[in-house]
Amino acid sequence: MTSLTERAEMAASGEQAATPIVPQYTAPAAGEPLPVFDFEDNPDYPMPDLVPVHVAWLRVRHDVRSVAKKDQHKEKHRDTGREYVKYNFRGIEAALNAFGPATLRHGVNVLAVDMTTSYRDTTSSRNSKMREATIVTTWQIMGPMGDSLPLLKSAGESLDSGDKGTAKAQSLALRALLFNTGMIPTGDPEPEAMHVERGEEKVRSATDYRDEIVNPKTSPGRLEQISYELKAARMLHIKVQNENGDEETLDALGMRHYLERTGGGAQ
């Protein structure tokens, strides 16, 4: 493999570089970090192998392997004011931290070449004024030899009360491109592993939910699901007699037991 300086000298003298042979590629071991590249005045900066873009992108995917949902969305309970984890997700930082070093190592550039935007004014569930931004971005993935994959598109959507809606939607579009094109697994349970038969929906009473919430065998995950079910049924505000004989809303009852079982109640 020749350096950039040697290639420039060949071009100036009219010499033709030999057709590159696809070199042997050594993938990092699972969990092994990729090398950190120093761009500033480093003559030994490792040049990427001159391989076609589809090979380079395959190597990027091989380096990334998987990105787990480790980022957490937290909210504060409206009654207790305590913070709790509502769900886990993979954010744009997780995508860039995974793909950035890998694309750099293999000489792959991900470029936004076109963008279509649309906006509309709306309101949140709390009647706050919001601005919805939707962006469809066209991407070019270019390899170390200058060739490119066919143009790809991804969409991002955001809801914001300030001036950050476009930036959020752009980040979501990039995240969608990297994870979908990279076919990166999340480590989530396989949907096909669960079998659900449809049937008539049974209407549960507030007492049924109360009994399940106070049952010490009910897991924190099930308590979260109960909260969603109560919200959908508009039953969060219904008061029931708790395990101490006092009246308490199902929402407050469920949150109290959730915090106790996750250790949040001790704070």
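Buried means under 20% relative accessible area and exposed over 50%, with partly exposed in between. The close-ups below use these words for a predicted model.

**View 1. Glu-229 and Arg-222 meet through their side chains in a salt bridge.** The N to O distance is 2.9 Å. Glu-229 has a relative accessible area of 24%, so this residue is partly exposed. Arg-222 also counts as partly exposed, at 22% relative accessibility.

**View 2. A salt-bridge network links four residues, Arg-204, Glu-212, Arg-222 and Glu-229.** The pair from View 1, Glu-229 and Arg-222, belongs to this network. Side chains of opposite charge can pair when their charged atoms come close. The structure holds 13 salt bridges.

**View 3. Arg-210 pairs with Asp-211 in a salt bridge.** Their closest N and O atoms lie 2.7 Å apart. Arg-210 is buried because its relative accessible area, 18%, falls under the 20% cut-off. Asp-211 is partly exposed, with 39% relative accessibility.

**View 4. Glu-260 and Arg-256 form a salt bridge within helix α7.** The closest N and O atoms are 3.6 Å apart. Helix α7 spans residues 250–262. The two partners sit four residues apart in this helix, so about one helical turn separates them. An α-helix has 3.6 residues a turn, so residues three or four places apart point the same way. Glu-260 is partly exposed, with a relative accessible area of 45%. Arg-256 counts as partly exposed too, at 23%.

**View 5. Helix α4 runs from residue 165 to residue 182.** The helix has 18 residues. From its first C-alpha to its last, α4 reaches 26 Å. That is close to the 26 Å expected at 1.5 Å a residue. Just after α4 comes Met-183, which takes a positive phi of about 50°.

**View 6. The buried residues of α4 pack against helices and strands.** Two helices are contacted: α2 (53–64) and α3 (92–105). The strands are β3 (109–123), β4 (129–142) and β5 (152–160). Gly-165 and Gly-182 are among the buried residues of α4.

Key
Residues numbered from 1 in each chain as written. Predicted model: local features only at pLDDT ≥ 70, side-chain atom pairs only at ≥ 80, totals over all residues. Heavy atoms only, no water. Expected span 1.5 Å × (residues − 1). Buried < 20%, exposed > 50% of the residue type's maximum accessible area, 1.4 Å probe, protein only. Contact = heavy atoms within 4.5 Å.
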